[in-house]
Amino acid sequence: MRSRIAVALSAGAVLVLALTSCAGGGTPDSSPEDEEATSFTMAISPWIGYGLWYIAEQEGYFGDLDVELESYTDYNGELAAISSGAVDGVSFAVNSTIQNYDALPVTAVLMLDSSTTADAILSTSEISSVSDLAGKKIAYDYGTTSELLLSAALLNNGMTFDDIEMVVSPPEQAAGLLVAGSVDAAITYEPYISAVTGEAGIEVLHTAEDEGALISDMLYVNRDYLAANPGVIDILVEAWDKAAAFYEANPEEGQEIIADAIGADVESLRSAFAGVKFYNLQENVEIMGETFGADTLPLIVEAMLQGGMLEEAPDLSQAYDASSVLRVAGE
């Protein structure tokens, strides 16, 4: 679902009602226990959106907590690790988690990042709005974040996939089809967006930023671990916030740390860094406490249902828990 990892290396009112009753909007009834785990193992893949964990590790923001960042380049390996309990948590794409939710005993505790301009719908200058895509040939890859973005854009413009003609293409080739004139629009991500924008009249029509935190990642924790170790989660939340502050104050150094950690050249990631937003603690207070359950999660689920990425909406009553974010922020 998050095929951008490779680049780093080289549904309605009922659903809203169900989501607003989950732990995300509440305040914890109990404080962290003194006797808790002293370690936390996190599955993590080489995507820059998870990069603040590497900054936290290098800068010592985890304190006495022994945090192991266990690297995975295989999507199925991450799923197996968290579902089997081999790791305590995973930094993972929200839509991918939802797609596999029934098999994953996890709850989201922190919003990490979202794509802003790193994912986009490109088109020729003759197409000036999403509604203009009706009847047009669009290149995108089925079952990926590209389809998720297109589905949400169609939904928010009163359209469905019946209104467009699909041309199956991986994101790294979709932009090329648009340049060649084989399609009218294409959904892709950086660095392919920057590579073709402005060429042959190609423009950015719609970005992930237009859909809020639609394409986003969160820290998911095994529910049993979460229940037994709330204080550990507080440490992780605080460490992420410190890393976010470091990155904001020292973006060049932060990007070097992240690029080095994922084994990539920082110059090749400039456009990707520019198109990704990291969320600090205060932003998480608003997101986790309010907008995620009310707006973002329902949109993701509805877009996935429309695109066929889900057959039915899973029970998301334990999808996220804002307790740690609110506790660390003093809310």
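1. Helices here are DSSP runs of H or I with at least four residues, numbered from the N terminus. In this predicted model, the helix called α13 covers residues 281-307 and supplies six residues to the lining of the largest pocket, the largest share of that lining.

2. The largest pocket itself has a volume of about 260 Å³. It is lined by 13 residues, and those closest to its centre are Gly212, Ala213, Tyr279, Ile287 and Thr291.

3. What classes of residue make up the lining of the largest pocket? Five residues are polar and five are charged, while three are nonpolar.

4. Is Met166 buried, partly exposed or exposed? Its relative accessibility is 32%, and Met166 therefore counts as partly exposed, since that class lies between the limit of 20% for buried and that of 50% for exposed.

5. Ser45 lies in the loop that runs between β1 (39-44) and α3 (52-59). Ser45 counts as buried because its relative accessibility is 1%, and buried means under 20%.

6. The position of Ser45 may also be described relative to Tyr75. How far apart are Ser45 and Tyr75 in sequence and in space? The two are separated by 30 residues in sequence, and their C-alpha atoms are 8.2 Å apart in space.

Note on methods: Residues are numbered from 1 along each chain as its sequence is written. This is a predicted model: local features need pLDDT of at least 70, side-chain atom pairs count only at pLDDT 80 or more; totals for chains, interfaces and linings use all residues. Side-chain values use heavy atoms; hydrogens and water are left out. On a 1 Å grid over the protein atoms alone, a cavity is a set of points where a 1.4 Å probe fits but cannot get out, and a pocket is an open set with protein on both sides within 12 Å along at least five of seven lines; lining residues have an atom within 4 Å of a point. Grid points are joined across faces, edges and corners, and a volume is the space filled by probe spheres set on the points. Helices (H or I, at least four residues) and strands (E, at least two) are DSSP runs, numbered from the N terminus. Ala, Val, Leu, Ile, Met, Phe, Trp, Tyr, Cys and Pro count as nonpolar, Asp, Glu, Lys and Arg as charged, and the others, Gly among them, as polar. Buried means under 20% relative accessible area, exposed over 50%, partly exposed in between (1.4 Å probe, protein chains only).
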